[in-house]
Amino acid sequence: MERITINSHNHIYDVYIGKSIISEIFNIHKEFLINKKVIIITDKNVYKIYHKYIFDEFCKIGCESKFIILDPGENSKDLENIYRIYKELIEFKVKRTDVIIAFGGGVVGDISGFIASTYLRGVDYVQIPTTLLSQVDSSIGGKVAVNFMKIKNVVGSFYNPRFVIIDIDLLSTLRKEQIIDGLGEIIKYSFISDEGLIQTLEEHDLNTIKDCFLKIIIDCIKIKKYYVEKDPYDLNERKILNFGHTFAHAMESYLGYENISHGMAVGFGIYILLKNCNALGIISCSLFKRCLNLLNKYNVLRQEGLDTKHILDYAYKDKKSSNKEIDIILLHDIGKPYIKRIGLDELNIYLS
């Protein structure tokens, strides 16, 4: 088992990564959990597979536990669901000394963290991500948010978990599409880091990459740790982690979250950005071809039926924009990302 400690603006928490480690980590933190009410927020798909296992774990510790079950998918990240959860917490008489467990993918993690940050002005919560995307990215860093008026993550806060458990055995029940979704974020990390991660992806394919997940997840978390510790509130260097995301979020809003996964949208965001950077002479043809080969190899590219004009309309609303300007993330080369501030009227140069 690997343990990575993250120090984000004086909030220190551990991320545990390994196989079959949930019981072990609960035992390590038994004093923190014992005699508390534990609210497990999850979705219907995860609940169906794991509810008895998780329930039994908390019974062993001596916790009074309750599941709150959401519909799977990004459409659950709305204020209507938030109000319902607040009501259930009040009816269950949850106090500030109790704990919320986020047991699911990125949507569950975002909702759980947002609830934990706002209910009673803040209660402890724990992240147990169950998807590849949430294990490599969204469970780390303290960004919690919900969607509003079809704008992704526009209502949220920064709120760090008490600890994170990344058990790669949970990935065994994922569908192929969910693995591809996570690979979109992993490809993002490969381009903003060094050659090591991208070479691992190039040496494998969809059938063999699963054998590398433990190492890949650890590598991605270490990259995210570096940026989160330097810039906890996403004001400067941490924006590098948004590589491909300005257009990805706009695409999700435009198409509807049920029609494209986040990882696929990130793949599109990276592709369209680097394609135009290549045309503008900002990056080399070889770098663009390397990107295109990876995206195609792992099926993380959707191009058909896209109206970039309408996607641009959503990009203009991006929360990263200010004073008619927006920061986008570009590359000099692999492992050499940089932030460029442009006018909103220049976005069409990079998305066309």
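Modeller: A charge is taken to sit over a ring if NZ of Lys or CZ of Arg is within 6 Å of the ring centre and within 35 degrees of the ring normal. The model is a predicted one. In it, the charged end of Lys66 sits over the ring of Phe92, at 5.8 Å from the ring centre. Lys188 likewise lies over the face of Tyr189, where the distance to the ring centre is 4.2 Å.

Because Tyr50 belongs to helix H3 (residues 44-61) and Phe103 to strand S5 (residues 99-104), the pair ties together parts that are 53 residues apart in sequence. Tyr50 and Phe103 are both buried.

Tyr86 and Tyr119 form a stacked pair, because their planes are at 20 degrees, with the ring centres 6.5 Å apart. This pair, too, links distant parts of the chain: Tyr86 is in helix H4 (residues 79-91), while Tyr119 is in the loop between helix H5 (106-118) and strand S6 (124-129), 33 residues apart. As to accessibility, Tyr86 has a relative accessible area of 21% and is therefore partly exposed, whereas Tyr119, with 8%, is buried; the cut-off for buried is under 20%.

Finally, one aromatic cluster is formed by Tyr16, Phe32 and Phe163.

Notes:
Residues numbered from 1 in each chain as written. Predicted model: local features only at pLDDT ≥ 70, side-chain atom pairs only at ≥ 80, totals over all residues. Heavy atoms only, no water. Helix = DSSP H or I, 4+ residues; strand = E, 2+ residues; numbered from the N terminus. Buried < 20%, exposed > 50% of the residue type's maximum accessible area, 1.4 Å probe, protein only. Phe/Tyr/Trp six-rings, centres within 6.5 Å; stacked < 30°, edge-to-face > 60°.
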